[in-house]
Amino acid sequence: MEIGTPLLKDSVKFLLLGSGELGKEVIIEAQRLGIECIAVDRYQNAPAMQVAHRSYVIDMKDYDALMAIIKREEPNYIVPEIEAINTDALIDAEKMGYNVVPTANATKITMNRELIRRLAAEKLKLKTARYAFANSLEELKEAVAKVGIPCVVKPIMSSSGKGQSIIKKEDDIEKAWNIAREGARGIGNRVIVEEFINFDYEITLLTARTANGTKFCEPIGHIQIDGDYHESWQPQDMSQSLKEQAKEISKEITDALGGYGIFGVELFVKGDEVIFSEVSPRPHDTGMVTMITQDMSEFEIHVRAILGFDVSTKLLRCGASHVIKAEINKYAPKYDIKEAVKVPNSKLRLFGKPNAKVGRRMGVALSYAESIKKARELAEKCAHSVKIY
């Protein structure tokens with residue numbers, strides 16, 4: 001394909017819907033290839049807006065506001081990066097001839113836990129946790145009785161663990177209902193109740209659908225706290241047979257969704273079995289580790305796959321990432337990084353979020369070493385050395 005000059009006639013445009021830390025890295029990689037980038041989010045000065053050619057602040061759940069920007073910008077590619085988007089607008093935009101990444105339908109399905117779970121479990125017959133749905137507190141009680149305790153409750157639409165909680169006893173049900181309602185990103189009260197799987201470990205298998213076929217990165221191990229990514233490492237040690245199972249599941253679900261780009265497929269591993277959990281049609285939080293482990297990061301892979309170019313998933317070395325979280329609430333926070341930058345084999349990625357909130361992810365530390373254990377230790381040390389005030 002031909003790529004023009006940004007801000008001039010015949011430029012190739014990315015319209016990024018969602019401008020967080022993942023979108024920031026996507027724009028950086030896109031701009032390296034001469035792509036004109038427009039960032040959209042619900043608040044001003046979001047991370048990706050700081051590196052985009054221009055930006056807009058709107059409620060992306062507002063059909064008219066979103067469609068107005070699409071018609072004004074006439075992008076070559078619409079690249080969703082978060083869940084809180086009016087997917088009906090994306091479907092209509094695709095009918096009008098716009099290229100939605102990976103497809104409008106894939107975006108709609110994956111942003112709704114009910115749709116993706118029904119596709120995986122009921123249509124594709126993939127192994128998943130037992131599940132049920134509820135629209136009210138009374139229905140939630142019935143769903144919990146059906147699935148069994150312990151179980152996990154999540155809003156149908158949310159991200160980064162928002163609205164997610166574990167029910168360990170009957171007294172937790174009403175609390176879980178309230179948490180889900182407060183953390184939901186969509187409209188309505190519907191939740192999914194999932195069997196709690198006591199897995200051995202969980203992985204993300206980054207799966208790239210490209211013009212030259214499907215390619216897989218080495219599996220990424222990770223730890224989540226309250227449903228939110230805390231640290232990750234690559235590669236996760238697992239048998240070849242388990243790897244093949246993971247690849248088969250990931251290819252089946254991404255083939256069903258279609259389109260080009262990278263998908264973050266989340267899987268549980270228990271014994272000799274791989275169990276499907278979720279899939280995101282874009283770069284994944286846990287995949288930030290690829291910025292220090294791979295020939296091409298997940299962000300470069302995503303951009304190249306979108307454009308129809310070949311990609312490399314080659315692993316160069318062992319590495320780990322660890323989140324840097326705020327412990328204060330403050331507008332325009334400052335960072336003391338003098339100790340963090342002394343940690344060997346390590347790099348910082350501070351996102352530049354204008355508001356610090358207790359528990360909010362403000363950056364990541366990336367480290368490499370001769371072993372995963374050492375890389376994790378370095379990443380943790382680097383992350384914990386950053387002081388936010």
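The model contains 30 salt bridges, a salt bridge being a side-chain nitrogen of Lys or Arg within 4 Å of a carboxyl oxygen of Asp or Glu. This is a predicted model, in which local features need pLDDT of at least 70 and side-chain atom pairs count only at pLDDT 80 or more, while totals for chains, interfaces and linings use all residues. Residues are numbered from 1 along each chain as its sequence is written, and side-chain values use heavy atoms, with hydrogens and water left out.

- Helix H5 covers residues 113-123; helices (H or I, at least four residues) and strands (E, at least two) are DSSP runs, numbered from the N terminus.
- Arg 118 and Glu 114 form a salt bridge, with an N to O distance of 3.1 Å.
- Arg 118 and Glu 114 are about one helical turn apart because they are four residues from each other in helix H5.
- An α-helix has 3.6 residues a turn, so residues three or four places apart point the same way.
- Arg 118 also forms a salt bridge with Glu 122, where the closest N and O atoms are 2.8 Å apart.
- Glu 122 and Arg 118 are likewise four residues apart in helix H5.
- Glu 114 is buried at 15% relative accessibility, whereas Arg 118 is partly exposed at 31% and Glu 122 is partly exposed at 38%. Buried means under 20% relative accessible area, exposed over 50%, and partly exposed in between (1.4 Å probe, protein chains only).

**Surroundings of helix H5**

- The buried residues of helix H5 are Arg 113, Glu 114, Ile 116, Arg 117, Leu 119, Ala 120 and Ala 121.
- These buried residues pack against several elements, including helix H4 (104-110), strand E6 (131-134) and helix H8 (240-257). Strand E15 is another of the elements they pack against.
- At the start of helix H5, a side-chain oxygen of Asn 112 comes within 2.9 Å of the backbone nitrogen of Glu 114.
- Just after helix H5, Lys 125 has a positive phi of about 60 degrees.

**Glu 273 in strand E15**

- Strand E15 spans residues 273-280 and includes Glu 273.
- Glu 273 is partly exposed, at 34% relative accessibility.
- Leaving out residues up to four places away in sequence, Glu 273 touches Lys 127, Leu 242, Gln 245 and Phe 268. Contact means heavy atoms within 4.5 Å.
- Glu 273 and Ala 246 are 27 residues apart along the chain, and their C-alpha atoms are separated by 9.2 Å.

**Domain 2 and domain 3**

- The chain is divided into domain 1 (13-100), domain 2 (130-195) and domain 3 (201-388), with bounds from an automatic or database domain assignment.
- The centres of domain 2 and domain 3, taken over C-alpha atoms, are 27 Å apart.
- Four residues of domain 2 are in contact with six residues of domain 3.
- The two domains bury about 360 Å² between them, 27% of it on carbon and sulfur atoms. Buried area is the accessible area (1.4 Å probe) that two parts lose on being put together, summed over both.
- One salt bridge is counted between domain 2 and domain 3.
- Lys 154 and Glu 278 form a salt bridge, with their closest N and O atoms 3.0 Å apart.

**Other salt bridges**

- Asp 336 forms a salt bridge with Lys 338, the closest N and O atoms being 2.6 Å apart.
- Asp 336 is partly exposed, with a relative accessible area of 22%.
- A network of salt bridges links Glu 21, Asp 228, Asp 285, Lys 325, Lys 353 and Arg 361.

Key: Polar contact = N/O pair within 3.5 Å; in protein donor to acceptor, adjacent residues only side chain to side chain.
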